Amino acid sequence: PVFRDDGYFMLISQFQAPSHFLMAYLEDFKMDPSRAQPLLTFSVFDDYTESKDITLVRADVLNKGIADDEGLKIVQSMLDGYKNDEEYMVVNAFNKKPETFDLDDFIARQNKKWRDGKEAEDVES
């Protein structure tokens, strides 16, 4: 979810191997998956993970509907979902056991992170 003063909207991500993500409005995807335009993309480059203990990420905001600071939060939230064990359990439930996924709890947790500004602080430190 992307939170704004008047509520939130949902994005859907599509993974393309080897390490690229496309993110579009969920509502656009529901109307016509083949015509849903990406709002932002990001790629993960792990070439130096083992030798230098660093992973690089490139993100591109493709649509003015997403501000740069929102794009940063979106990408950080996606990365957190895969690198933090507790958050990965939620991602795994969504992907593998949807009957156990609690959407309301997920939105509440993401809202707290978004409002607290956790994502931006993590990237800057």
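# Exercises on a pocket, a sheet and a helix pair

The lining of the largest pocket is made up of 19 nonpolar, five polar and seven charged residues. Here Ala, Val, Leu, Ile, Met, Phe, Trp, Tyr, Cys and Pro count as nonpolar, Asp, Glu, Lys and Arg as charged, and the others, Gly among them, as polar. The model is predicted, so local features need pLDDT of at least 70 and side-chain atom pairs pLDDT 80 or more, while totals for chains, interfaces and linings use all residues. Residues are numbered from 1 along each chain as its sequence is written, and side-chain values use heavy atoms, without hydrogens and water.

**Exercise 1.** State the volume of the largest pocket and determine which elements supply its lining.

*Solution.* Step 1: the volume of the largest pocket is about 840 Å³. A pocket is an open set of 1 Å grid points where a 1.4 Å probe fits, with protein on both sides within 12 Å along at least five of seven lines; lining residues have an atom within 4 Å of a point. The volume is the space filled by probe spheres set on the points, which are joined across faces, edges and corners.

Step 1: the lining comprises 31 residues, and Pro1, Met78, Val91, Phe94 and Phe106 lie nearest the centre of the pocket.

Step 2: at least two lining residues come from each of strand 3 (11–16), strand 4 (20–25), helix 3 (68–83), helix 4 (85–96) and helix 5 (103–116). Helices (H or I, at least four residues) and strands (E, at least two) are DSSP runs numbered from the N terminus. Helix 5 contributes the most, with eight residues.

**Exercise 2.** Describe the order of the strands in the open sheet and identify those at its edges.

*Solution.* Step 1: four strands, in the order 3-4-5-6, form the open sheet with antiparallel pairing; strands pair if DSSP finds at least two bridges between them.

Step 1: strand 3 and strand 4 share six bridges, and Gln14 stands opposite Leu22 in strand 4. A hairpin of three linking residues connects strand 3 to strand 4. Pro18 belongs to the loop between these strands, and the peptide bond joining Ala17 and Pro18 is cis, with omega about 10 degrees.

Step 2: strand 4 and strand 5 (residues 40–45) are paired over four bridges. Phe21 has Phe42 in strand 5 as its bridge partner, and Met23 stands opposite Leu40 in strand 5.

**Exercise 3.** Classify the packing of helix 3 and helix 4, and name the residues that meet.

*Solution.* Step 1: the axes of helix 3 and helix 4 are 5 Å apart, at an angle of about 95 degrees. Axes are lines fitted to C-alpha atoms, for helices over the stretch in contact, and angles run from 0 to 180 degrees between N-to-C directions.

Step 1: the two helices are therefore roughly perpendicular to each other, a class that covers 65 to 115 degrees.

Step 2: Ser77, Asp80, Gly81, Tyr82 and Lys83 of helix 3 are in contact (heavy atoms within 4.5 Å) with Asp85, Glu87, Tyr88, Val91 and Asn95 of helix 4. These contact residues comprise three nonpolar, three polar and four charged.

How values were computed:
Angles under 35 degrees count as roughly parallel, over 145 as roughly antiparallel, 65 to 115 as roughly perpendicular and the rest as oblique.
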